[in-house]
Amino acid sequence: VDAVVLTGGSAYGLDAATGSGEPVAEGGVGAGTGAVAGQLKGGIGTASTRLASGVTVAALVAVNAAGSVVDPRTGVLFGEYGAGEPPAHPPAEVHAAAERRLARERMAAEEAGGGVPPFNTTIAVVATDADLTRAQAQKLAGTAHDGLARAVRPVHLLTDGDTVFTLATGRVPVAPGDPVAVNEILAAGADVLARAVVKAVRAARSTEGPGGRLLSYTELYGGRA
């Protein structure tokens, strides 16, 4: 990812700086084409928020994780917990059917000598229009990893290459020497990254590959895209 320019509270591509940008496509596009999320199809996701201070914080993520994004007890996406409203729990019978189908697909892939590769890399950009210093931007990249940890479990394994980049355009002033002003930006970075992971997984669609069929969360559980 080269850059994200913030405008109107949404994440757009670099061309948005000239007014010609388009909303970022989500799901199995670009770097998300061959991405996985545990045993499910991964992909591209975006999310943003406008803080009361007027600062916008946005995330763009390519979810290609070794860890799972789904709570095995309920079928709820991990990133939906604590997102501001209670997550929608799939019916128990739907979750049970999804688990059985995934088990069959895993067995078929193993018998065919395929399966999900063990090496993965989830890469994200967290961008803000706040006037951050270099040190503050580095801190934002670090705290944004907390959002990744909320949405993927386990995370940051030796088989993962998880990386978060931060961009700050400097358009909105931040009170110098006021840690509270920066703290809300740091917290928002984690929030939007967790939401972006959820959106990536929900937008992904099932695909056929050398290792067999990679199922999407939406195909297994239904619900909103």
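Glu219 is partly exposed, with a relative accessible area of 32% (buried means under 20%, exposed over 50%, and partly exposed in between, using a 1.4 Å probe and protein chains only). This is a predicted model, where local features need pLDDT of at least 70 and side-chain atom pairs count only at pLDDT 80 or more, while totals for chains, interfaces and linings use all residues. Residues are numbered from 1 along each chain as its sequence is written, and side-chain values use heavy atoms, leaving out hydrogens and water.

**View 1. Glu219 meets Arg101 in a salt bridge.** That term means a side-chain nitrogen of Lys or Arg within 4 Å of a carboxyl oxygen of Asp or Glu. Here the closest N and O atoms sit 2.6 Å apart. The two partners come from distant parts of the chain, 118 residues apart: Glu219 is in helix H4 (residues 217–221) and Arg101 in helix H1 (residues 92–111). Helices are DSSP runs (H or I, at least four residues), numbered from the N terminus. Arg101 is partly exposed too, at 25%.

**View 2. Arg150 pairs up with Asp191.** Their closest N and O atoms are 2.7 Å apart. Arg150 belongs to helix H2 (residues 134–151) and Asp191 to helix H3 (residues 179–203), so this pair ties together parts 41 residues apart in sequence. Arg150 is partly exposed at 34%, and so is Asp191 at 37%.

**View 3. Glu208 links to Arg213.** For this salt bridge, the closest N and O atoms are 3.3 Å apart. Glu208 is exposed at 59%, whereas Arg213 is partly exposed at 31%. Through shared partners, salt bridges join Arg101, Glu208, Arg213 and Glu219 into one network.

Terms used: Helix = DSSP H or I, 4+ residues; strand = E, 2+ residues; numbered from the N terminus.
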